[in-house]
Amino acid sequence: MSLPILDLSAFTSPSSTTDSKRAAASALSAACRDHGFFYLRHTLGPLEQRALALAREFFLTSSPSTKSRISRLNPGDGGDGARGYQKLNENITQGKTDFHEGIDYYSPVVEPKLLDPAHPEKGYELLMGVNLFPQEVEGFQETFEAFWDELRKLGDRVMVAMAWALGYEEDEEVLLRQTRNGFWSARVIGYPELKKEDGGEGGISCGEHSDYGCTTFLLADPTPGALQVLAKTGEWIDADPIEGCYVVNIGDMMELWTNGLWASTRHRVIHTKSGFRVSIPFFYEPNFDAVVEPLDKCVAVAGGEKKYQPKKYGDHLIEKVSGNFYKAPEADQGK
Ligand SMILES: O=C(O)CCC(=O)C(=O)O
Ligand SMILES: [Fe+2]
């Protein structure tokens, strides 16, 4: 089984017809309902290769002091508990350590919130700090900021396409209204190959999880066999990169909006091939204060039964981020 390849250019081009939008929305609806994962044909040109190359340069050539200068630190220790660099084995999924290193970024906050203004060295409230860039890697910050800007715009268009796919052709901004100032997030991830001594067989590069927000746009280098998606049949299928495409998946908040019509599909990374793998997912998310609840039309499909309680996205995010760095063996943590 393989994942569908979609073209949503009907929603990005100003000259497209209603019929072409309907056709694209119908393919999108089937992909989200049947898989929760799909390939989206879209390219940002050389910006993508530049971002992947800079990510690789950071992981493979930066000194330990460069990496530690941008370390994720807890509130109280100088950080905001979320933004920054995590070394190998620091990230936790389902209570188990992941074998990757990465830098986490979030939407910049207009006024970072110091924990204690009299003692700025203590850092920030959870998630309310500043993004940390490796200034030693020339062009890193500008390239990634430009990359994320483009993906935010793409995400806005995909929200309109998703609204059509859910039957909201007449109210196509029903999702966009709650994501336009989205509290997006992004990761720059490096995966050394898993070897036996690192936990090799049975070890995990990034543990099984669902993404916790709205829609993820993933770009990765060409390494095959690393990202795997749990199909509805119960088998794990490879989501290998396809040139000119993003791997897109829906997250927990989209599952909530659709009243479970589109499930947030579980996935994992097991990288045992040779070479250092790099991936740069962008998580397009609802506004921090968006109250996400099942959409009327999706509730109607389920015979009027609301299967989920409303949830404020910011609360959901705080819950999830707190779990990512806390080793709780029973917990089922998302990303
Ligand atoms: O590296 C990948 O291919 C996927 C990473 C991922 O699933 C995540 O960061 O949520
Ligand atoms: Fe993920």
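Predicted model: local features only at pLDDT ≥ 70, side-chain atom pairs only at ≥ 80, totals over all residues.
Strands here are DSSP runs (E, at least two residues), numbered from the N terminus. Residues are numbered from 1 along each chain as its sequence is written, and ligands are numbered from 1 in the order in which they are written.

Now look at polar contacts (a pair of N or O atoms within 3.5 Å). An N or O atom in the Tyr191 side chain is 2.6 Å from an oxygen atom of ligand 1. For the side chain of Arg277, such a distance to a ligand oxygen is 2.8 Å, and for a polar side-chain atom of Asp211 the distance is 3.2 Å. How much of ligand 1 does the protein bury? Taken alone, the ligand exposes 300 Å², and 97% of that is buried by the protein (Shrake-Rupley method, 1.4 Å probe).

Finally, move to helix H4 (residues 140–165; a DSSP run of H or I, at least four residues) and pick Phe144 and Phe147, three residues apart, about one turn of the helix. Their rings form an edge-to-face aromatic pair, 6.2 Å centre to centre with 90 degrees between the planes. Rings pair if their centres lie within 6.5 Å, and planes over 60 degrees apart count as edge-to-face.

Definitions and conventions
Heavy atoms only, no water. Polar contact = N/O pair within 3.5 Å; in protein donor to acceptor, adjacent residues only side chain to side chain. Phe/Tyr/Trp six-rings, centres within 6.5 Å; stacked < 30°, edge-to-face > 60°.
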